[in-house]
Amino acid sequence: MDQLDKFDKAIIAALRLNARQSISYISEAVNLSRSAVSERIKKLESTGIIRGYQVLLSESQKEGVSAYFEIQHKCPRCADVVHVFQAIPEVVTCRGITGDMDLLVYVQAASMKRLHEIREHIDAQTDIIKIKTHVVMSEWIDNRR
């Protein structure tokens with residue numbers, strides 16, 4: 001984000017508020033022409049700064065079940081065990097964390113049965129020392145826009 005100027009930052013802020021708003025609306029908000037805003041958005045997308053757009057549903061509207069797995073492993077680096085999680089399509093995020101555990105993995109599964117299968121698969125890996133599961137019951141705040 002350091003290489004971005006104030007206009008790029010303003011465009012990103014506008015898109016975070018509502019990624020579906022019109023180029024015209026964004027151009028007025030950031031005080032640039034529509035063509036300049038379009039070009040900047042295309043550049044932000046092509047350079048990978050903007051990686052995509054998504055629909056985020058509240059937990060009450062989702063089918064299935066979601067959970068966080070706290071993972072402790074015995075590899076020298078977290079990157080050495082990430083392949084385990086990349087191979088599971090239900091894994092949404094995998095983040096390195098501080099504390100007793102090494103990774104925090106967020107999973108969205110179609111059913112509790114599938115969530116259990118995923119957990120068993122992870123637990124069976126030789127590099128995994130410990131796994132703690134936290135099933136999401138409710139969502140109160142999600143500011144990932």
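This is a predicted model: local features need pLDDT of at least 70, side-chain atom pairs count only at pLDDT 80 or more; totals for chains, interfaces and linings use all residues.
The helices (H or I, at least four residues) and the strands (E, at least two) are DSSP runs, numbered from the N terminus.

Residues are numbered from 1 along each chain as its sequence is written, and side-chain values use heavy atoms, with hydrogens and water left out.

Let me start with the sheet. E2 and E3 form a hairpin with six residues between them, and in the turn Gly 99 has a positive phi of about 105°. Moving on, E1 and E3 are antiparallel and joined by seven bridges, with Phe 69 partnered by Val 105 in E3. E1 is also joined to E4 by seven bridges, again antiparallel, and here Tyr 68 has His 134 of E4 as its bridge partner.

Put together, this is an open sheet of four strands in the order E2-E3-E1-E4, with antiparallel pairing. Strand E2 (91-96) and strand E4 (128-135) are the edge strands, each pairing on one side only. With axes taken as lines fitted to C-alpha atoms, for helices over the stretch in contact, and angles running from 0 to 180 degrees between N-to-C directions, neighbouring strands of this sheet are turned by 20° against each other on average, direction ignored. Helix H5 (residues 112-123) packs on the sheet and touches E1, E3 and E4, and its direction makes about 10° with that of E1; contact here means heavy atoms within 4.5 Å.

How enclosed is E3? Five of its seven residues are buried, so E3 is largely enclosed by the rest of the structure, where buried means under 20% relative accessible area, exposed over 50%, and partly exposed in between (1.4 Å probe, protein chains only).

Not counting residues up to four places away in sequence, Ala 67 touches Val 105, Tyr 106, Val 107, Leu 115, Thr 133, His 134, Val 135 and Val 136. Ala 67 and Thr 133 are 66 residues apart in sequence, yet 6.7 Å apart in space, C-alpha to C-alpha.

Now the aromatic rings. Rings of Phe, Tyr and Trp (its six-membered ring) pair if their centres lie within 6.5 Å, and planes under 30 degrees apart count as stacked, over 60 as edge-to-face and the rest as tilted. By this rule there is one aromatic pair: Tyr 68 and Tyr 106 have ring centres 4.7 Å apart and planes at 35°, so the pair is tilted. The two are 38 residues apart and link distant parts of the chain, Tyr 68 being in strand E1 (residues 65-73) and Tyr 106 in strand E3 (residues 103-109). Tyr 68 is partly exposed, at 33% relative accessibility, whereas Tyr 106 is buried, at 4%.

Finally, the helices. Two packed helices are described by the angle between their axes and the distance between the axes. Helix H1 (residues 6-17) and helix H3 (residues 34-46) pack at about 85°, their axes 11 Å apart, which makes H1 roughly perpendicular to H3; angles under 35 degrees count as roughly parallel, over 145 as roughly antiparallel, 65 to 115 as roughly perpendicular and the rest as oblique. Phe 7, Asp 8, Ile 11, Ile 12 and Leu 15 of H1 meet Val 37, Arg 40, Ile 41 and Leu 44 of H3.

The axes of helix H2 (residues 23-30) and H3 come within 8 Å and cross at roughly 100°, and H2 and H3 are therefore roughly perpendicular to each other. On the H2 side the contact is made by Ile 23, Ser 24, Ile 26, Ser 27 and Val 30, and on the H3 side by Arg 34, Val 37, Ser 38 and Ile 41. Of these, Ser 27 is buried, with a relative accessible area of 7%.

Key: Two strands pair if DSSP finds at least two bridges between them.
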